[in-house]
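Student: I would like to discuss a pocket and the backbone of this model.

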Amino acid sequence: VPGVTLDRLLASTGLHEQVSRWMVAAACRTASQLRVPVLVRVVMGPLAESRFSEQVAHCKDAHRLPDGALRVLMSQKELLSAPDRANAEIERLARSG
């Protein structure tokens with residue numbers, strides 16, 4: 001499914017947060033099993049208010065991933081639509097490795 005289509009579908013159903021959490025968990029499992037860095041794309045949506053960075057750090061710790069093993073990608077649209085919120089979330093994610 002193209003990213004734009006998936007984003008629209010998630011926006012219309014309110015499932016951004018649940019799908020992003022599932023994707024992060026799957027990425028952590030994959031990084032742990034393959035022992036290679038994994039890139040995961042998430043949609044900001046309500047994530048900044050839901051302690052997303054803490055959940056990412058917890059998932060990384062649970063899988064004993066080293067710093068840099070999980071790379072989180074957010075779209076430019078999301079970053080530009082709420083730059084202060086996005087910047088704060090990026091800083092929290094960076095601090096957690």
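Student: Which residues line the second largest pocket?

Tutor: This is a predicted model, in which local features need pLDDT of at least 70 and side-chain atom pairs pLDDT 80 or more, while totals for chains, interfaces and linings use all residues. Residues are numbered from 1 along each chain as its sequence is written, and side-chain values use heavy atoms, without hydrogens and water. On a 1 Å grid over the protein atoms alone, a pocket is an open set of points where a 1.4 Å probe fits, with protein on both sides within 12 Å along at least five of seven lines, and lining residues have an atom within 4 Å of a point. The lining consists of Val-56, Lys-60, Leu-70, Arg-71, Val-72, Met-74, Leu-79, Ile-90, Leu-93, Ala-94, Ser-96 and Gly-97.

Student: Which elements give two or more residues to the lining of the second largest pocket?

Tutor: Helices (H or I, at least four residues) and strands (E, at least two) are DSSP runs, numbered from the N terminus. The elements are helix H3 (52-62), strand S2 (70-73) and helix H5 (83-95).

Student: Where is Arg-35 found, and is Arg-35 buried or exposed?

Tutor: Most residues other than glycine have a negative phi. Arg-35, not a glycine, has a positive phi of about 60°, and is found in the loop between H2 and S1. Buried means under 20% relative accessible area and exposed over 50%, with partly exposed in between (1.4 Å probe, protein chains only). With a relative accessible area of 75%, Arg-35 is exposed.
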